[in-house]
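Please read them with the structure open.

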Amino acid sequence: MHPVDILAIKEKLLLNEFKLTFYSLILYFLSFLSIIYYASDRKKTKKFASGFLLFTGIFCHLSVIILRWTVANRYPFQTLYESLLWFGFVTVIVYFYYFLKKEEGWIGGMVVLPVTFSALFYAFFFLNPVPEPLSPALNSGWFFYHAITAFGSYAVFVNNFAGEVGRVFLNNEGSKASIRHFSFRIVLLGFLLLTFAIVSGAVWAEEAWGRYWSWDPKETWALLTWTVYAVYIHYSRKTLFMGKYIFLFSLLGFISMVMTFLGVSWLAKLLGIPSLHAYAL
Amino acid sequence: MLYKIIKYLYRFFSSITLAIFLLLFSALIYLTGTIFPQGVSFEEYKKAGGKFLSLAKYAGALDIFNSPLTWMIFILLIVNLIFCTINRLRDTKNYIKIISSLYHFMLACFIILLFISARLSKEFEISIKEGETKILEMENGDKIEIKLNGFHIDYTEFPEFSKLQKIKDKLKVIFGKESALINKNNLDKRYREFTADIEVKYREDTRRHPLRVNNSLTFSDYSINLFSFEQEVKLMINGTESIITPNEKFALNDSGIYKISEVFLGNIYKIDGSIEKFEPQIFISRLEKGSQWEVITRLLTGDYGIIGDAKVEFLSYTQKAGLGVKFDPAVRYLKFLSFLIMFFIFSVIINKIRGEEQ
């Protein structure tokens, strides 16, 4: 088939992808509303309805990711548009597991679903969806492992923060303990993923730029996030999960994670600090 | 008395509280390092209208990662990690604790190796013309011969999806936000990839390598990477030869300010699968009112144009590659240790997650 015909097919697929993004946006909003409704009396039918809406949203979102992967013919997390779609997807997948497995899983949805909705909303209405060819700077075997572990850790940290917010608002001690264990377990997973993202990033930087560490704003913020979560883990263990600053460290970790993901570009522009990660801004 | 002091010191250095404080301090240092520009002198920072001047002057915030405070925190962290390792090893029945102690010890070794790497590594930047050979003589007696055989640029054309763009334009109308507009330049934008074809002679070994981003050359304790390129254009202006670098301002007979806004050459990989080759061509721009540069002419090699009253001829074009040469004897151990740490962290965390589940 001629490359121009392939391009026409790709455009059709992209238009469908764009529609599906909009459907998942609506479905996430509806599932958020239904979870609020479920929280009022916790009836199983309502949980089923919320879960079904969420599942349909995830299904549409998964189709978006697959279509993007196919059309772009590379991993779908190069531009900010794609990164936000991917981040939203991984975040909601982790939450869905939480929602299904735990009785009090609904409370995490109060944070996770608005975060996912905002990411998709911003990408859909304000960012350029046109897929670009693979940038030479990202043309490396490390790209996949580095990006997938970094986004995995971000998704997990959002869920940890959601759990910690839930702990503040819940009164039931049993539910608090259950959320506490879940939050701690997923933060361990996030810490592992972030460690791998930093290590793989350093090895990749050595190959690409001849330096494994440059104290670039993105690198430094990633290390800052890693350090804050190291504090969170050590503090939680030391105080047997009863410390009064656990929520504070979770909040700080969440803020530094958002800064690493999105805020660094803004800060670098604001303060005029050059960044080697300019292609990701 | 001595026993009590030793016991106190042992408890102090092996405590998690100390680890938490040190980690928080290091987090503060990283934060400072991203707020203040690094490696800038205080005078330059002040001249540029920098804020928090007293912090920049007295706390060494402009070079925070090399400040004595940072070194002190890291040394304390190493001591803390070693004491934590010893503390964990006391309970040898628990295998998770043994693995955990091992990775804490490795982290301490990793930070020590980072110090060694920072002290022993040497970095050079060399600028080399096509066909030129440069010899680097290192302090340790090593001799590296680098020859640039060629330098070329490849462009990748971007696909155009007009229907999708139309939809986005409509959304822009609905929300009335300028940022919703697709940057039209995106469609004209092309990725440029630079490749320096180099030949390196080190001891008895000669290697040829296409150097580009993500494809550096590593041998022994050395690595060579391509970090920049320089272009020089030879023009004949009213019978006088001048060498001008792109984006450098120059004057002609009239009162206008000119620059070579773009030098274009190389291969374009087109969407339809074809490859187009471009001979060197330059675009000369003039500064117009409102600080806007306007392209006024395009010249191919050997072409001439009349700009104002001046005759400008494009004689030739040369390009240089900026290479970074790095000597770091610690980097291979750092790589090995980092993967070992990853493995141990993985084992500990998976065990902890399973433990929490039970």
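1. Which side chains meet in a salt bridge? This is a predicted model, and in it the pair is B:Glu123 and A:Arg211, at 3.0 Å from N to O. The count between chain A and chain B is one salt bridge.

2. Polar contacts across the interface of chain A and chain B come to 15 residue pairs, with both residues at pLDDT 80 or more. On the chain A side, helices H1 (3–41), H4 (109–126), H6 (173–209), H7 (217–238) and H8 (246–271) each supply at least two of the residues that touch chain B. H6(A) gives the largest share, 16 residues. By class, this side of chain A has 45 nonpolar, 12 polar and 10 charged residues.

3. As for extent, 67 residues of chain A are in contact with 64 residues of chain B. The two chains bury about 6,000 Å² between them, and 72% of that lies on carbon and sulfur atoms. Within chain A, the residues that lose the most area to chain B are A:Pro136, A:Leu192 and A:Tyr212; together they make up 10% of what that side buries.

4. Helix H5 of chain A covers residues 142–169, 28 residues in number. At 1.5 Å a residue H5(A) should span 40 Å, and its end C-alpha atoms are 41 Å apart, so the two values agree. H5(A) is also mostly covered, with 22 of its 28 residues buried.

How values were computed. Residues numbered from 1 in each chain as written. Chains lettered and ligands numbered in written order. Predicted model: local features only at pLDDT ≥ 70, side-chain atom pairs only at ≥ 80, totals over all residues. Heavy atoms only, no water. Helix = DSSP H or I, 4+ residues; strand = E, 2+ residues; numbered from the N terminus. Expected span 1.5 Å × (residues − 1). Buried < 20%, exposed > 50% of the residue type's maximum accessible area, 1.4 Å probe, protein only. Contact = heavy atoms within 4.5 Å. Buried area = accessible area lost by both parts, 1.4 Å probe. Salt bridge = Lys/Arg side-chain N within 4 Å of Asp/Glu carboxyl O. Polar contact = N/O pair within 3.5 Å; in protein donor to acceptor, adjacent residues only side chain to side chain. Nonpolar A, V, L, I, M, F, W, Y, C, P; charged D, E, K, R; others polar.
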